[in-house]
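Let's walk through this one together, from the pieces up. Keep the viewer open as you read.

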There are 2 protein chains.
Amino acid sequence: MKLRVVLVEPIYEGNVGSVARGMKNFGFSDLFLVRPCDIEDFGLAMASHAKDLIEKARVVESLNEAIAGANLVVGTTGVRGLSTDRHLRIPSLSPRELAEKLQGTNGEVALLLGREDDGLSRDELLACDIVVTIPTSREYPIMNLSHAAAVLFYELSQVEPGGLMLASPENLAHLLAHLRAAMVESEYHRHKIDKTMLMLKRILGRAQLTDREVQTLHGVVRNLRWGAEHRSGELEKVKEDLLE
Amino acid sequence: MKLRVVLVEPIYEGNVGSVARGMKNFGFSDLFLVRPCDIEDFGLAMASHAKDLIEKARVVESLNEAIAGANLVVGTTGVRGLSTDRHLRIPSLSPRELAEKLQGTNGEVALLLGREDDGLSRDELLACDIVVTIPTSREYPIMNLSHAAAVLFYELSQVEPGGLMLASPENLAHLLAHLRAAMVESEYHRHKIDKTMLMLKRILGRAQLTDREVQTLHGVVRNLRWGAEHRSGELEKVKEDLLE
């Protein structure tokens, strides 16, 4: 498993440095920064012996650039975030559950950490296959960004990768598009389709499909569509017979 | 399980504040500071909504004061520390192994975190029942103090306490003294006795004895001593008989 750490619009350079240090402590090195604050002396000082990670970090303008090519996109959200838009954030896994899920898999995981004040936005969470929440106390759930990162790195560093290669993001996106087409065709409730698609995306994200499984699911959906078309053809024929 | 966090001679006030924040994030509140640096505005700012923990922290002059009354004393040491004095530090548990060990127990655990530059000294590690090491990368094993603390708090917050009340520290100390007396009496190698006693302390620490188990072990040691004395009495008698 390869981990790509994505900081989305970090505000404090000290936190960026601290996150880099935590990454190196746990053997990770791939850092993406989406529209970050300036990182100057203090940020580099906090990185300590991980300055090189800051120097070679990829600075990008959009989340899409930061997650392009990742097999799995994992968003993080605080306990407080859970109450505001349950549909978006639930089910969320604990860091340990995420690590257990990744055990024995292969591919690249993008881990998104949001702004110090506001976390990840609704749209950013929509882009995630899996959402993770660190179990904190109700009294004071808001963790420092680099502390939350350290806990996640600690868990993810214990994942033993294996031969189970995750499906490519393109194949997953095709499967989701195929499912949407089938739902539209079958006149699924229009106002529910986005929420249901999000749920399907989350389910498939958690299921960690291989490309082979994606192909099989394509086959199932294709068959269902064919069956529906076939039956509607028969229905037409019956109607015609009745009219004769 | 009650957790007491003991920072031994922390150097940077920002770290003390960050540790306090991490404690509150995971529902812990009992902070002891052994000969700390001054904690002023920056330290309190880093504590954020956990300033109260700093304000009510117990500032003490010695480690003994900080660990008095704790049922289990847990020391922390970095991966790098492991190589310098293996006997002192090994076996060391991972944070997860510590949490698993504490599952279902009751009593007060003192968690010792050392200086930012030098960690815990040899003598401080000698005072610990258990030593914990966070598994980090070999390339850059030295974690920021508050990051290491956050990882430990994360693990320990997942411990479900139970009814298994740990033996009191006084009873454990008596048992160790009893063992030492038995070893001296049985002419155990003098130059090995301290190391072996440390190993016994570590073994009993990891075993998490109840008071009842401590009493049973006292009985076993008492019996062994009695048996030795009894046999030496018989031996004397045989010698006397031979001389007659």
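Two strands count as paired if DSSP finds at least two bridges between them, and the elements themselves are DSSP runs numbered from the N terminus: helices are H or I with at least four residues, strands are E with at least two. This is a predicted model, where local features need pLDDT of at least 70 and side-chain atom pairs count only at pLDDT 80 or more, while totals for chains, interfaces and linings use all residues. Residues are numbered from 1 along each chain as its sequence is written, and chains are lettered from A and ligands numbered from 1 in the order in which they are written.

Start with the sheet in chain B. Seven strands make an open, parallel sheet in the order 3-2-1-7-4-8-5. Strand 3 (58-60) and strand 5 (92-93) of chain B sit at the edges with a single partner strand each, so one side of each has no neighbour in the sheet. What joins strand 5 of chain B to strand 8 (residues 130-132) of chain B? Two bridges do, and the two strands run parallel; L93(B) has V132(B) as its bridge partner.

For the angles, axes are lines fitted to C-alpha atoms (for helices, over the stretch in contact), and values run from 0 to 180 degrees between N-to-C directions. Contact between two residues means that their C-beta atoms, placed from the backbone, lie within 7 Å. Helix 9 (residues 145-156) of chain B lies across strand 1, strand 4 (72-76) and strand 7 (108-113) of chain B, at about 160 degrees to strand 7 of chain B.

Over in chain A, look at how two helices pack. Helix 7 (residues 95-102) and helix 9 of chain A have axes 9 Å apart, at an angle of about 30 degrees. That makes helix 7 and helix 9 of chain A roughly parallel (the label covers angles under 35 degrees). Helix 7 of chain A brings P95(A), R96(A), L98(A) and A99(A) to meet V151(A), L152(A), E155(A) and L156(A) of helix 9 of chain A.

Finally, zoom out. Chain A splits into domain 1 (2-165) and domain 2 (169-243), with bounds from an automatic or database domain assignment. Their C-alpha centres are 33 Å apart, and the contact takes twelve residues from domain 1 of chain A and eight from domain 2 of chain A. Between chains, 22 residues of chain A touch 22 residues of chain B. On the chain A side, helix 1 (13-25) and helix 9 (145-156) are the elements giving two or more residues.

Note on methods. Angles under 35 degrees count as roughly parallel, over 145 as roughly antiparallel, 65 to 115 as roughly perpendicular and the rest as oblique.
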